[in-house]
Amino acid sequence: MTRLALETAPRSAYTGAMNWWRLIAVLFFTPLAAAGVKVAALHPLLGDLARETGGGRVEVADLLRPTGNPHTFEPTARELAAAADAAIVLATGKRMEPYLDRLRDSLPPQTLLLDLGAAIPAAEVPCPRGAEEGAHGHSANDPHWWHTPANMKRAARRLAAALEAIDPEGRELYRARLKEWNRRMDRLDAEARTALAGIPPERRVLATAHASMCHFCREYGFTPLPLQGVSAQDEGHAAALAAVLAELRRRRAGALFTEMNAPPKMLETIARQLHVPALPLITDGLHPELRTFEAIFRHNVKTIAEGLTPAPRDAAPAP
């Protein structure tokens, strides 16, 4: 309605138009989070997942900093206070957070401690040839489940169901965002398979600092060869390390993959001895600049593809 029309229209019509614009303002400019769900995340990628799944109906508090270490992190009193009024506290599970039982006891009874890893199939950490079982000192399974789009879809379904139960009024939004998330994960998976397709079977060996990429390896057809246990802080075991080095030589590994946040000098030394590059992955899902699952996954896929895809042969000279 133009300004002239409003000036010449009956007052009742003018008032109705103004009420209509007030309604639009309320719908589009009122923050939804005020009536939504507060979520506290014990890992930044879980916070990213909560924002993607819940949109404006969730308020997310990240308890672990992007430069932290999930293997050594334990919430402080201040961080526990931030989680105390949350409706949901998100955990990675799979023994990544050994303090979960104590945390559960400290939370209000109405707070849901949601273990997203419970929705993810286990990925066993392999024992290198020539090493005794458990020589790395690691647990049987790799807790770093967030390295595949398929696992992130599983976690999102579990989270969306919990949000619906707590906030039924947001059901349609949660379901729509979950559907869009699944589409994005399917596209990301297709991108990865295309990028990794040029790596031949004999070069599909992923040698990493610690056992953090077993879920990725199972999904995309690689053999994981961790030099340490589940945590990069695990003590090295001489027999296991010797077995891994022998396997690397036998398989003629094309690259070694270090930690972007804390590259171990040992791995860089081994890379020089094997005459292969040492390339950084974001294995614990933490980075000060790459803070979303999609950004981290794309970085890792690109790094692995560039490190292990054979260089093309020089083109034959023209006759």
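Predicted model: local features only at pLDDT ≥ 70, side-chain atom pairs only at ≥ 80, totals over all residues.
Reader: How many aromatic pairs does the structure hold, and which kind is the pair of F73 and Y99?

Author: The structure holds seven aromatic pairs.

Reader: How many residues apart are F73 and Y99?

Author: F73 lies in the loop between β2 and α4, and Y99 lies in the loop between β3 and α5. The pair therefore links distant parts of the chain, with a separation of 26 residues.

Reader: Which residue lies over the face of F222?

Author: F222 belongs to a cluster, joined by ring pairs, that also holds F216, Y220, F293 and F297. At 4.8 Å from the ring centre of F222, over its face, lies R204.

Reader: How many residues of helix α3 are buried?

Author: Helix α3 spans residues 44-54 and is mostly covered. Its buried residues include P44, L49 and G54, and their cover includes β1, β2, β3, α6, α7 and α11. Of the eleven residues in α3, the number buried is ten.

Reader: Which residue just after α3 takes a positive phi?

Author: Helix α3 ends at residue 54. Just after the helix, a phi of about 55 degrees is taken by G55.

Methods:
Residues numbered from 1 in each chain as written. Heavy atoms only, no water. Buried < 20%, exposed > 50% of the residue type's maximum accessible area, 1.4 Å probe, protein only. Helix = DSSP H or I, 4+ residues; strand = E, 2+ residues; numbered from the N terminus. Contact = heavy atoms within 4.5 Å. Phe/Tyr/Trp six-rings, centres within 6.5 Å; stacked < 30°, edge-to-face > 60°. Lys NZ or Arg CZ within 6 Å of the ring centre and 35° of its normal.
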